[in-house]
Amino acid sequence: MEVLQGILGDEGLEALSGQFDGVNSLIWGIWFLIGAALVFFMQGGFAMVETGLTRAKNAGNIIMKNLIDFCIGTVVFVFLGFGLMMSENYIFGVIGIPDMKIFTDFANFDFSNFVFNLVFAATAATIVSGAMAERTKFSAYCVYSAVISAVVYPIEAGWVWNSQGWLAKMGYVDFAGSSAIHMVGGITALIGAAFLGARIGKYAKDKKTGKKVARAIPGHSLTLAALGCFILWFGWYGFNGAAASDPGQLAQIFATTTIAPGVATVAAMLYTWIKNGKPDVSMSLNGALAGLVGITAGCSTVDAGGAAIIGLVAGVLVVVAAEFIDKYLHIDDPVGAVAVHGVNGIWGTLAVGLFAAPGAYVKGGADGDLVGLFYGGGGKLLGIQTTGVLAIAAWTAITMTIVFFLIKKINGLRASAKEEVEGLDLHEHGLPSSYGGFLFDPEALEPSEIKDLPADAIPVADAVPVVRKAAVYAEDGLKITKVDIVTKPAKLEALKIAMNAIGITGMTVTNVMGYGMQGGSVEKYRGVDVEVTFTPKVKLEIVVCKVPVELVIETARKVLYSGELGDGKIFIHDVEDVIKVRTGERGYDALQDVE
């Protein structure tokens, strides 16, 4: 610096310093907008997580909701939400007066601040989609999205992030939105799911005890769910880091935003492994998201040790909360949104009052640094955090209860039973399937759950009676027999080779789904017993005449036998006749290969 001063002089050095400040300000302004773009990209992550953890028949509906809640949110946030949240004319520290400067003072309007807060508002809205998935009217969801983005979120977020907000003046710490965004979304999800009721088939009476028990309804693609989790984690670096004020703070935020979800994922994996005997994939994904939610409030105020503890608690808490909500409250949340965002949003916000480190970013005004309880700061910050959580939770619970009540009465909230069973893609959007050409598991419902659905089947009295005919033999006296073999896909190649070896050179192979669980086998999905499942199988159809049927059976058994459950089954059928289309040959001749 002295060398530069000697070369440039005082005035030159001052001018150079001013230029550096300008460049620095420009760089951080660009990063702020890049962070906003990363938060917007998280919409894709939410869409993938929610789609993967629900059934294929509703995939288009889920994607549409994640698209439209951002778009509707944009419209209402422009006209109303942003003014309520960030207006300079802020009344009693509670609510802003919209001034419409985005239209009236276009040249001087702070567009960076607007875009940043807009993408955060969209995040709060989209959290609810997963918890209310697979049975909500699309029109009802559009109304809800407009209300939360226009009024509910902007008012409470203004308390936290508008410098005139009453919580901001108290020293309330929620750096990136554990409470202002995630807790609000989680509480709204809980209320919405409770108003809706469970999906058809989710709960049934236990035949022994008569009590209501949860049934697993597995999502159709853990691959999509995992992709969504990675997208969200990536976007979270912008979510937490966009508001950083210098490189050191940004690095700290990136570190805590990595440590907490990493520890949380391991904690969720180990907890489910110990509890259920196997590590649960979907709950491990939820564990990562829970850790991210938990660290969001204190990402700039806690150290590495605090981040690790926050993540550890979040990883276990998300599993316990998800199972409690499902098994004991009997509120159907297909993706665990309430446990991930609601419960861990509360935990992460309160954790700031425990783990805020000395010298951290947020200051406490005249009282100096506000330090967490475990770092010698006493209970002051924890008290402030508790006050904020209770206030925001109460505002959200009251307003969203009113909103869902009115939507249910005026518009209707839930799709019909027929629409739900056949899929919202078909009835809400005219999509026969979002996956043309793909085969998915059929859906199993209890008889009591489908008694009120439209009956399309022909009555038994009008059905054509089945008459079993005598076995038919070829002209030379050889009987024509069809052998069906259903077994594991892994056995297909060995079975094909063995059949070729005994003279079977033609067969039809079909991918099928096996229905049921083998005796005594119990698996778990998100902590709930999977009572009945569909497993991939292959079905080989072989028609024989000259090759002895018993030889086919013995050959198949030798290849398939392992002594374990699930080796497969062999079915024998009499065949009336066989016709080769190309030549018109029948019976034995139709089964012969071309020389």
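## Terms and basis

A residue is called buried when its relative accessible area is under 20%, exposed when it is over 50%, and partly exposed in between, with a 1.4 Å probe and protein chains only. The model is a predicted one, in which local features need pLDDT of at least 70 and side-chain atom pairs count only at pLDDT 80 or more, whereas totals for chains, interfaces and linings use all residues. Residues are numbered from 1 along each chain as its sequence is written, and side-chain values use heavy atoms, with hydrogens and water left out.

## Loop residues with positive phi

Glu-134 lies in the loop between α4 (111-131) and α5 (138-161), where helices (H or I, at least four residues) and strands (E, at least two) are DSSP runs numbered from the N terminus. Although Glu-134 is not a glycine, its phi is positive, at about 80°, and with 0% relative accessibility this residue counts as buried.

His-330, in the loop between α11 (304-327) and α12 (337-355), is likewise a residue other than glycine with a positive phi, near 55°. With a relative accessibility of 26%, His-330 counts as partly exposed.

Helix α10 (residues 281-296) has 16 residues and, at 1.5 Å a residue, should span 22 Å, which agrees with the 23 Å between its end C-alpha atoms; the expected span is 1.5 Å times one less than the number of residues in the helix. Of the 16 residues of α10, 15 are buried, so this helix is largely enclosed by the rest of the structure.

Just after α13, Gly-412 adopts a positive phi of about 90°. Within α13 itself is Gln-385, which is buried, its relative accessible area being 0%. Leaving aside neighbours within four places in sequence, Gln-385 is in contact (heavy atoms within 4.5 Å) with Gly-171, Tyr-172, Val-173, Thr-349, Leu-350, Val-352 and Gly-353.

## Lys-539 in strand β9

Lys-539 belongs to strand β9 (residues 534-544) and is partly exposed, with a relative accessible area of 26%. When its neighbours within four places in sequence are left aside, the contacts of Lys-539 are Asp-484, Ile-485, Val-486, Thr-508, Val-509, Thr-510 and Val-512. Between Lys-539 and Ile-570, which are 31 residues apart in sequence, the C-alpha to C-alpha distance is 9.7 Å.
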